[in-house]
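Here's a quick tour of the pockets in this model, plus a look at one pair of helices. Have the structure open as you read.

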Amino acid sequence: MNVSFLAKTPLFFGATEEEVRAMLDCLGAVCKKHPKGSVICRAGEPARSMGLVLSGGVRIENDDVWGNKSILDHAGPGQVFAESYACVPGEPLMVSVIAAEDCEILFLDVSRLLQTCPNACAHHARLIRNLLRIAAQKNLILSRRIFHTSSKTIRGRLLSYLSEQALRAGKNEFEIPFNRQQLADYLSVDRSALSGELGKMQRDGLLTVHKNHFCLTGHHI
């Protein structure tokens, strides 16, 4: 396991490699590989552990009883998922976690973090602070999605989402973590209508797009 990589992740931020090794042992770390498209965590089932993506990426999605899919988030290397559910034993997941590509996941038993460490581990406080910071960031992510889907038009939703992506990238050219169908699901719109609107936005000189690569070339008036 690449402990040097883990020491640079948000969860283990501020810890030395030696401290990370001690925490992995304390949290009962288990590493598993998942092929693209496989279900890592299924909605309706409790999450016994939180996951940290070592390689590849996962989608956080929700399917209602009629089969409508909504993509809530994407987690790549170094990011975690199911941490909130893992902190509440027995709480069923409202979302599913799907392997967006072949990936390797490190599972950590959060219940050990929330209890007094039998080894008097001095690193628990730091890990709890980091986990709290991550939870706050996740709340912001959900808030951003609500903001992006608040517009009544597809163009308005696209402008909101793409503007945020450009701001995060620090430039007008960037790649997003979704393909066309996933982007439609994330913005809660029809895929064909989304593709049609992207075509119109290109003709209007607002952007150019190739697959998941975008370049914003104009301003919305």
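## Before we start

A quick word on labels: helices (H or I, at least four residues) and strands (E, at least two) are DSSP runs, numbered from the N terminus. Keep in mind that this is a predicted model.

## The second largest pocket

Let's begin with the second largest pocket, which has a volume of about 260 Å³. It has 15 lining residues, and Lys32, Cys41, Arg48, Ser49 and Phe107 sit closest to its centre.

By class, the lining splits into eight nonpolar, two polar and five charged residues.

## The largest pocket

Now for the largest pocket, with about 980 Å³ of space. Its lining counts 37 residues, and nearest the centre you'll find Leu72, Asp73, His74, Lys138 and Ile141. Elements giving two or more residues to this lining include strand E5 (69-75), helix H5 (124-148) and helix H6 (154-169).

Helix H5 gives the most, with eight residues.

## Where H7 meets H8

How do these two helices cross? The axes of H7 (residues 180-187) and H8 (residues 191-203) come within 9 Å and cross at roughly 105°, so the two helices are roughly perpendicular to each other.

On the H7 side, the contact uses Arg180, Gln181, Leu183, Ala184 and Leu187; H8 answers with Arg191, Leu194, Ser195 and Leu198. That makes five nonpolar, two polar and two charged residues in the contact of H7 with H8.

Methods. Residues are numbered from 1 along each chain as its sequence is written. This is a predicted model: local features need pLDDT of at least 70, side-chain atom pairs count only at pLDDT 80 or more; totals for chains, interfaces and linings use all residues. Side-chain values use heavy atoms; hydrogens and water are left out. Axes are lines fitted to C-alpha atoms, for helices over the stretch in contact, and angles run from 0 to 180 degrees between N-to-C directions. Angles under 35 degrees count as roughly parallel, over 145 as roughly antiparallel, 65 to 115 as roughly perpendicular and the rest as oblique. Contact means heavy atoms within 4.5 Å. Ala, Val, Leu, Ile, Met, Phe, Trp, Tyr, Cys and Pro count as nonpolar, Asp, Glu, Lys and Arg as charged, and the others, Gly among them, as polar. On a 1 Å grid over the protein atoms alone, a cavity is a set of points where a 1.4 Å probe fits but cannot get out, and a pocket is an open set with protein on both sides within 12 Å along at least five of seven lines; lining residues have an atom within 4 Å of a point. Grid points are joined across faces, edges and corners, and a volume is the space filled by probe spheres set on the points.
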